Amino acid sequence: MDSIRRVRKAVIPVAGNGTRFLPATKAMPKEMLTVVDRPVVQYALDEAREAGIEHIVFVTGRNKQAIQDHFDDAPELISSLSRSGKSAQVSELEAMLPAAGTVSFTRQQAPLGLGHAVWCARDLIGDEPFALLLPDMICHGERGCMAGLMDLYNFAGGNVVGVEQCPPEEAYKYGIVGKGESVPHGFAVTSMVEKPKAGEAPSNYFLNGRYILQPEIFGLLARQERGAGNEIQLTDSMLQLSNSQRFHAHPYEGRTFDCGSKQGFIEANVALALSRPDIGGSVFESVRHMVLTHESRIQAA
């Protein structure tokens, strides 16, 4: 096996327009919508840091300044909180702040798809393997999904994708991978299909928005023709890369919420709130009461 190069950098694309959340995203980046008390994008950065990532590259677009401000120092706010004796909040904000020089921002001037957004980070990544985290997808479990991908990468090298299982009849909704030989922390990928026709999926393992990719993907993306939605699709270039490099998949043991959809966003808020020791109990009682009331109304109708 070739020597395995360490993964030091991660790309987090945050250039999307968030049209599924209008009017909330008319003036605010969708990545700054909050799940409980943290913006969606914070969860992706925290997951990357938990996995040992040293440098984050954000691919931004127009009207995304709030994201840069979120990851910058706020001396006036810190001073105000300190004067008010709110030391716990000061500590929390300071812990969330990336160290100087560990975050970079580059621009995707036009919304040409995920593949194009990744390609925009090429000069900041250089000739290194890198992690890719889609911030719309919040992974919730005892351990972050990217940490599991890193375990598998450190064993097998090559390229690694995060996957979860869906009901077989829903496989047509997702990017699906074929399951090959099992290895520690995952299995070999035998095929990748984007939204297969009903009954034709090679498995029920779907891509959950977490990747470790080799830098050769950038050359393929540079030549990639537009695909679905008239956009440059990352999956198309991954398929080409799989002709010459190994791909493995890490099945995540937690649950991923698609916060790019209204349903997934609401589910994420409920699930993460229930897991919090400070508010979980009261949230559970409130949700239980609402569910019971809703069921009573349905039965009475």
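**Charged and aromatic contacts in the predicted model**

Lysine 173 has a relative accessible area of 39% and is therefore partly exposed, where buried means under 20% relative accessible area, exposed over 50%, and partly exposed in between (1.4 Å probe, protein chains only). The structure is a predicted model, in which local features need pLDDT of at least 70 and side-chain atom pairs count only at pLDDT 80 or more, while totals for chains, interfaces and linings use all residues. Residues are numbered from 1 along each chain as its sequence is written, and side-chain values use heavy atoms, with hydrogens and water left out.

Lysine 173 meets glutamate 170 in a salt bridge, with 3.9 Å between the closest N and O atoms; the term denotes a side-chain nitrogen of Lys or Arg within 4 Å of a carboxyl oxygen of Asp or Glu. Glutamate 170, at 27% relative accessible area, is also partly exposed. Across the whole structure, 17 salt bridges are found. One of them joins lysine 9 to glutamate 128, whose closest N and O atoms are 3.6 Å apart. Because lysine 9 lies in strand S1 and glutamate 128 in the loop between helix H6 (122-125) and S6, this pair ties together parts 119 residues apart in sequence; helices (H or I, at least four residues) and strands (E, at least two) are DSSP runs, numbered from the N terminus. Lysine 9 and glutamate 128 are both buried.

Arginine 288 is partly exposed at 40% relative accessibility, and glutamate 285 is partly exposed at 40%. Elsewhere, salt bridges that share partners connect Arg6, Arg8, Lys9, Glu54 and Glu128 in one network.

Turning to the rings, the structure holds 6 aromatic pairs, defined for Phe, Tyr and Trp (its six-membered ring) by centres within 6.5 Å, with planes under 30 degrees apart stacked, over 60 edge-to-face and the rest tilted. Phenylalanine 21 and phenylalanine 265 pair edge-to-face, at 5.4 Å centre to centre and 75° between the planes. Phenylalanine 21 is buried at 11% relative accessibility, as is phenylalanine 265 at 15%. Phenylalanine 130 and phenylalanine 218 are stacked, because their ring centres lie 5.1 Å apart with planes at 15°. Ring pairs also link Phe58, Phe71 and Phe105 into a cluster.
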